[in-house]
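I opened the model today and kept short notes on what I looked up. The structure comes first, then the entries.

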Amino acid sequence: MAMTGKEAEQTLAVIRTLMERSTSYTNLSGHAGIAAGALALLGCVLRVQYGTPFLPTWFGVLTAALAASVFFTAALARANQEPLWTRQSRTVVLALTPAFTAALILTAVLERVGQEAMLPGVWMLLWGVGALAMSFFTPRVIWLLGVTFMVTGTFTLFLGPFNDALSMGATFGAVHLTYGIILSVVRHPAWTANPALPH
């Protein structure tokens, strides 16, 4: 017996839901993005007002941001009655790992040759690469985040060394705050859907 148009539409909706549940990681907390942005702005204040050392300041910000991300992600997973470490979360971490590893290697190399001023642009570019890799398994806003950081990283590198407090505040600070607000407040399907899946 042939399906009616309405039945076919309902069947496709069920298939799409099952695909999203099996491939898309949705336990991304907007609070983690807001915390990362706020911590980046705190790093800017420490650099400008107190002249704290370059690498210790930004590695401290990174460590605190990662801790906040794990905390808020775990809280969201508990609220959704899901485990933190799932097949989807492992996929996202594996997608990010190459870019994160490359960032660490280039940080060590550029610091060794006295080119620390290039690091903010390198970090932006590689965070953009990592976010784009994750975007195949995450909501659409991660794709936008990746494109934004790749563009800003490219411009920063081509324009030459920037004041790190200014460049980090305008990107890792402001962009992450915007991303966190979109995830936690807007929650519009255009941003929270997975663009890699059919709609």
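This is a predicted model: local features need pLDDT of at least 70, side-chain atom pairs count only at pLDDT 80 or more; totals for chains, interfaces and linings use all residues.

Entry 1, secondary structure. I counted 8 helices and 0 strands in the chain. Helices (H or I, at least four residues) and strands (E, at least two) are DSSP runs, numbered from the N terminus. Read from the N terminus, the order of elements is α-α-α-α-α-α-α-α.

Residues are numbered from 1 along each chain as its sequence is written, and side-chain values use heavy atoms, with hydrogens and water left out.

I asked how many salt bridges a search of the whole structure finds. The search gave 1 salt bridge (a side-chain nitrogen of Lys or Arg within 4 Å of a carboxyl oxygen of Asp or Glu). Its partners are Asp 164 and Arg 47, at 2.9 Å from N to O. Asp 164 lies in helix α7 (residues 164–186) and Arg 47 in helix α2 (residues 30–50), so the pair links distant parts of the chain, 117 residues apart.

Are the two partners buried or exposed? Buried means under 20% relative accessible area, exposed over 50%, and partly exposed in between (1.4 Å probe, protein chains only). Asp 164 has 11% and is buried, whereas Arg 47 has 22% and is partly exposed. In the chain of 199 residues, 37% are buried.

I noted that, of the chain's contacts (heavy atoms within 4.5 Å) with a separation of 6 or more, 77% are between residues 24 or more positions apart.
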